[in-house]
Structures are given as structure tokens and as C-alpha cells.
Amino acid sequence: MGRVKLLREDGLRHDGRKPDELRPIRMQVGVLNKASGSALVEYGATKVLAAVHGPREIPQKHLLLPNRAILRCRYHMLTFSTHERKSPAPSRREIELSKVIREALEPVVMAEVFPRTAIDIFIEVINADGGTRTASVTAASLALADAGIPMRDLVVGVAVGKVDGVLVLDIDEVEDMYGEADMPVAVAPSLGLVTLLQLNGVLTREEFDEALKLALKGAQVIYNIARETLKSRYLGVKVEE
Ligand code: ADP
């Protein structure tokens, strides 16, 4: 396959963004009336729906814990979310992502408040254009907050990549496919915690430090939007940052 040019002559990316620019981010909470909590999150064309059920008792009592709630997560891509029809059966990738998304959320959920219950998070990728795991973390965190589950912080996700030798924020599918590296990160900004960090490809030590800085900067912007989304729904006021 021929090399795909990801940076233009003017230094902008293939979609016209600057290296440190996010895609347009949109968020809504409380979009479903049957789930305990829900959120719809878009990073550019990537669109993810998260729904939370619980905390609740479940028939499989042997799974429950005496001192805290168990958190379960299912990440799933809808058949029409990709350019090729995606098989509805769970793939290895979806099983892995379900686990890493759950682990990204566990440090902030105050599971000890609800012993002997289960909190289920269902994530449906409606349209995939890169960064679905990071948009899923953000959506799930908002859905948990919308369900009224006490949390120590919100967790938000964003991926940094390296394209044509340059570090870029919030990569899309083309940059993910043809770039040299891709590093999804999830952060609980107020706690100063990184709860997910994966790296696909190769970065030098200096590039890694720079990439993490870029991710934290992007995460802070996404975090502010997430907080504003929750506040404007529940307080009916617009928050001035
Ligand atoms: P992420 O969505 O978190 O970036 P990947 O790096 O595995 O996860 O995938 C990058 C992108 O590749 C996805 O966002 C999606 O646009 C595309 N993709 C992933 N899996 C599939 C698939 N099974 N079929 C078609 N496209 C896919």
C-alpha cells in the first residue's frame, strides 16, 4: 500500500486540524428513559452511547461481593458502525476493550457504597472513526454520574498519535491506521490519576513525555465539557470556567 500523507504542506492535518486540536466534541446525558443513567458522546464522527443499569441485585448471587458493588462493562460495536459490516458476535478486541474500559472507571466509582450489588455499563459504538475506547470511557463515566452513582471524579479519555513524525491530539481512524503510533489515555483530572494508558507503535522517551502532556491538555478540555454537560442538565445553569 502506498504511503498516506497525513500532514499537509501547511502543517495542518488531513482534516484541517492543528496538531494539538481536538475534533468537535459533543455530549448529552440522560438520553434514555429506561436505563438508570445514559450518555451520548461524539468525538468528530465517532459516536458512542453508554447506558448504566444499577446498582441492583442480580440472580447470579455468587458473583456479588459482601463489601462493594461489582462493576461490569460491555463494549460493543454496532454492525453498521464500521465501513465493513461488523459481526454482531463479540470479538477479541471488544472483550479486551470491555476490560480496559472497566479498569479505567473502577478507581473513581465508590463501589463500597453499594455492597452486594452489580453496576452494569453497556456501551454501543454507533459510528466508529477512531478513538472509540476513549470516547467510551467518557460516555460511561457520564452515564455513571447520570445514574447518581457516587464517584471520586469523572474519567475522560483521549488518544494521542504520531503522524509523519509529529505528535497529534485526538486521532481519527485514518491517523490511527496510517500513523506511526497511537496512545489512548484516560484521566481523572481532579484526582491527578491516569487510569488507562496503552501504546501501539514506537515513541522515544521524549516523545512519550510530550504525548502524555498533550493527552492531559486534551483531557482537561474534554473534562470541562463533561462537567458543564452534567451541571447544565442538573442545575439548569451554564457554568463559567
Ligand atoms: P479505538 O476505536 O479505541 O481507536 P482501535 O485502535 O482498535 O480502537 O481502532 C481504531 C479504529 O479502527 C476504530 O475507531 C474504528 O474506526 C476502526 N475499527 C476498529 N475495529 C474495526 C472493525 N472490526 N471493523 C472496521 N473498523 C474497525
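Here are a few questions and answers about helix packing and strand pairing in this predicted model.

Me: Is helix α1 roughly parallel or oblique to helix α2?
Reply: Happy to work through that one. Helix α1 spans residues 92–105 and helix α2 spans residues 132–146, with their axes 10 Å apart. The two pack at an angle of about 50 degrees. Angles under 35 degrees count as roughly parallel and 65 to 115 as roughly perpendicular, so α1 is placed relative to α2 as oblique.

Me: How many of the residues in the contact of α1 with α2 are nonpolar?
Reply: From α1, the contact residues include Leu 97, Ile 101 and Leu 105, and from α2 they include Val 137, Ala 140 and Leu 144. Arg 93 and Glu 96 in α1 and Arg 133 in α2 also take part. The contact divides into three charged residues, three polar ones and, for the nonpolar class, seven.

Me: Which residue in β3 is the bridge partner of Ala 39?
Reply: Let's start with the strands: β2 (residues 37–43) and β3 (residues 46–56) run antiparallel and are joined by seven bridges. They form a hairpin with two residues between them, and Gly 44 in the turn has a positive phi of about 60 degrees. Across this pairing, the partner of Ala 39 is Ala 50.

Key. Residues are numbered from 1 along each chain as its sequence is written. This is a predicted model: local features need pLDDT of at least 70, side-chain atom pairs count only at pLDDT 80 or more; totals for chains, interfaces and linings use all residues. Side-chain values use heavy atoms; hydrogens and water are left out. Axes are lines fitted to C-alpha atoms, for helices over the stretch in contact, and angles run from 0 to 180 degrees between N-to-C directions. Helices (H or I, at least four residues) and strands (E, at least two) are DSSP runs, numbered from the N terminus. Angles under 35 degrees count as roughly parallel, over 145 as roughly antiparallel, 65 to 115 as roughly perpendicular and the rest as oblique. Contact means heavy atoms within 4.5 Å. Ala, Val, Leu, Ile, Met, Phe, Trp, Tyr, Cys and Pro count as nonpolar, Asp, Glu, Lys and Arg as charged, and the others, Gly among them, as polar. Two strands pair if DSSP finds at least two bridges between them.
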